Amino acid sequence: MIKEQQSIFYLETGETSYIFRVNPFGHLEHMYYGAKIERGNLDSLRLKRNIQTGSAVLYNEKIDPAYCLDSVCLEWSGIGCGDFRQTPAEILLSDGTYRTDFVYESYSITTGCVPMKALPSAYDHDNEAQTLSVCLRDQPSGLKLTLFYTVFSSVDVISRRVVLENEGNGSVSIRRLMSLQLDLENEGFSLVTFDGSWAKETHRHDRKLQYGQFVNSSIVGTSSNRHNPGFLLYADEATEEHGHVYGFNLVYSGNHIGLAELSPNDLVRIQVGINPYCFDWQLRQGDSFETPEAVMTFSENGFNGMSAHFHDFVNRHIVRGNWKNQERPVLINNWEACFFRFTRSKLLRLARQARRLGVELFVLDDGWFGKRNDDTSSLGDYKVNRNKLPRGMRAFAGEIHSLGMKFGLWFEPEMVNPDSDLYRVHPEYAVTTPGRNPLFGRNQLVLDLCNPDVRDYIVEHVSNILDDAQIDYVKWDMNRYTSDAFSPLLASQGEFFHRYILGLYDILSRIFEPRPQILLESCASGGNRFDLGILCYSPQVWSSDDTDSIERLKIQAGLSYLYPLSCMGAHVSAIPNQQTLRQTPLSSRFNVASFGCLGYELDLKHLTRLERKEIRDQIVFYKANRRTLQYGRFYRNHAVKSNKVYWQCVSADGVSSIAGVFQTLVSAAEGNDVLPLSGLAPERTYTLRTHSQRLFVHKFGGLLNFLLPVMINPNGPILRWIDRLYALTDCVETYQANGRTLMQGVHLNNQFIGTGYNGQIRMLGDFGSNLYAIQADE
């Protein structure tokens, strides 16, 4: 709900209030963002200015000798008027100056969301949202700035963006224009960013705010695996369950910047928007420029409360089309089973084996086109390799469909190899810098999506294959950073990065909006483009090329602060893991991947009969609990021990829940473990039971000689033969109690500690884990 009373604007969600006012100088002064409060006398919330601060540059000393913009909490600021914190707008005016002072002119309130021209944004088909538009003007330059605030009340999220219109007499140059500025009083804030690189995306990092600026940014052309655009601020002593937490994100897939600045006056300035790196946008008279949409939320219920807001927002207002709120299929991807070396018969054998295990979708990855036998050729070409698929893609897709499976296909449309038919005919389609040698990443160049001919080429060729073969799923890859940033079609190369992203959105819209039945999974060397912008087109994103379950605990946990599990691609792969060489139990690989969109990526023919049976049981369990695992309320429960991770999903109706216990490295003589639980109905009675999983005997090596009547070689053929035919069942525990009791913590059976063995001992060891199914009694 949005209300205006006596020049004070109240933006209210179910649990939060956001309040600012038009002050006597026409500036938008921020007053409050936090837990919901009543409208009324707000003098107690207003930041006081009773005396001039040292070094102050006064805005108008004749009217107010204490009014200095540097000590005011502002919704927007300019340049040259006394605010020496980071400006949200750096604009070179037609007279060669930079000074701007945007003051209030008017406002309007509308129902629903205000559509954007070329960028994706959140939507609200039910017209429950409201949008406040506040018009500001810099009178001398003729620039008009409109701030848009859209309130999504039911999910406690507010979005913000800006449109700048040039109503002056000449062109201006935009060097920096943020989507959001928010000034807060410091609560002892710490900043959380989600950083990494290839194979180690979105690791959480915490930094205590100190005087100065802390910047979270990408300049690689995508939202990046280095720094996800989402970040958090939390007050002192906030935990997963308690305390003040603010979340920020950006609906954008290109270079971004997020900033937290602690000023000498102990005010914290937050900004989110397009990165000004190599950005220079020419805004001619009569033209306008729209920034991407930024989103923010607040929770007084800690990080889990904040995440819940973002999860609901993404599922209800970002993901769209046929796959909104739909369960994702269990897939198998052939990449780690075949790489580039596959034949039709090998693929069909893998598909038949996967179907018998319960897999629903077969995905053919890289290598199906041109002369693509390695990563040095054929990107940009779409002719099916008849040596691998003699009857073509349509016939092969039909064979997969005849098995009762859906069929998916890998593409990398934004890239080109010099060794390709496309490059030989149209070398100008590739992004290079005139007079300089091109730089390669993974033997490939980036295609110029600023060029409409390039976009038409991609749309035509990808669409033809999708329609001809009746593709059900697309994995859209993008495997390098953008270094050269030049398009011969642009008069100002400072527009390249942004126009590239606009071109990408144009391509995705033209391909997939007419084909809403196709499930699109975005990928960019793993999680190099995991953001709200791409989620407007792609309901799920490949989280990381790293499928190691222990690494995935950090990657998926980091993503979970900003994005729901229904968006995260997570696969079970072979061991030793191809990214870490780590050996983890098959059960743990599944247990981690089940908290996401489950897939398998390994050669099933190398599994034993018992391993295949284990996978079949895993898929049965996942399908039975898929709704809860993909769309339930997710909790990162507190771990007292540093070698434990606790995750939990609770169904929307509170009837069922899945909890996971994950152990990284075992400790000698491990003490008691207590399973923390959240989100259960306090008075409801539940039954908690361990999900049964197999213990393969090779895990115990020479320890078996303590149990067997004869001594065997732990590396010999007898043990390998036993391992193929026989497995132990890990400890299964069952408890019944009401939700209030269970949420005090479930004291689990002891782990193996080297003093003996019986069927009631949990056999975790290094990298072990268990899942627990919790069901309300009838």
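Here are some questions and answers about this predicted model.

Reader: Good to meet you! How are residues numbered, and which pLDDT do local features need?

Author: Residues are counted from 1 along each chain as its sequence is written, and side-chain values use heavy atoms, with hydrogens and water left out. This is a predicted model, in which totals for chains, interfaces and linings use all residues, side-chain atom pairs count only at pLDDT 80 or more, and local features need pLDDT of at least 70.

Reader: Which residue of β27 is the bridge partner of valine 474?

Author: Strands β26 (residues 473-476) and β27 (residues 519-522) run parallel and are joined by four bridges, where pairing takes at least two bridges found by DSSP. Both faces of β27 are covered, with Leu519 and Glu521 buried on one side and Leu520 and Ser522 on the other. In β27, the partner of valine 474 is leucine 520.

Reader: What is the handedness of the β-α-β unit made by β26, helix α7 and β27?

Author: A crossover is right-handed if, with the strands pointing away from the viewer, the path from the first strand over the helix to the second runs clockwise. Here β26, α7 (residues 496-512) and β27 make a unit that is right-handed.

Reader: How many disulfides does a search of the whole structure find?

Author: A disulfide is a pair of cysteine sulfur atoms within 2.5 Å. The sulfur of cysteine 649, a residue buried at 1% relative accessibility, is 11 Å from its closest cysteine sulfur, in cysteine 597, which is too far for a bond. Over the whole structure, the number of disulfides found is zero.

Reader: What is the phi of aspartate 266?

Author: Most residues other than glycine have a negative phi. Aspartate 266, in the loop between β16 (256-262) and β17 (267-274), is partly exposed with a relative accessible area of 36%. Its phi is positive, at about 60°.

Reader: How much space lies in the largest pocket?

Author: On a 1 Å grid over the protein atoms alone, a pocket is an open set of points with protein on both sides within 12 Å along at least five of seven lines, and lining residues have an atom within 4 Å of a point. Grid points are joined across faces, edges and corners, and the volume is the space filled by probe spheres set on the points. For the largest pocket this comes to about 610 Å³.

Reader: Which residues lining the largest pocket are closest to its centre?

Author: The lining has 27 residues, and α10 and β36 (694-696) are the elements that give two or more of them. Closest to the centre are Ile575, Thr584, Pro585, Arg589 and His698.

Definitions and conventions. Buried means under 20% relative accessible area, exposed over 50%, partly exposed in between (1.4 Å probe, protein chains only). On a 1 Å grid over the protein atoms alone, a cavity is a set of points where a 1.4 Å probe fits but cannot get out, and a pocket is an open set with protein on both sides within 12 Å along at least five of seven lines; lining residues have an atom within 4 Å of a point.
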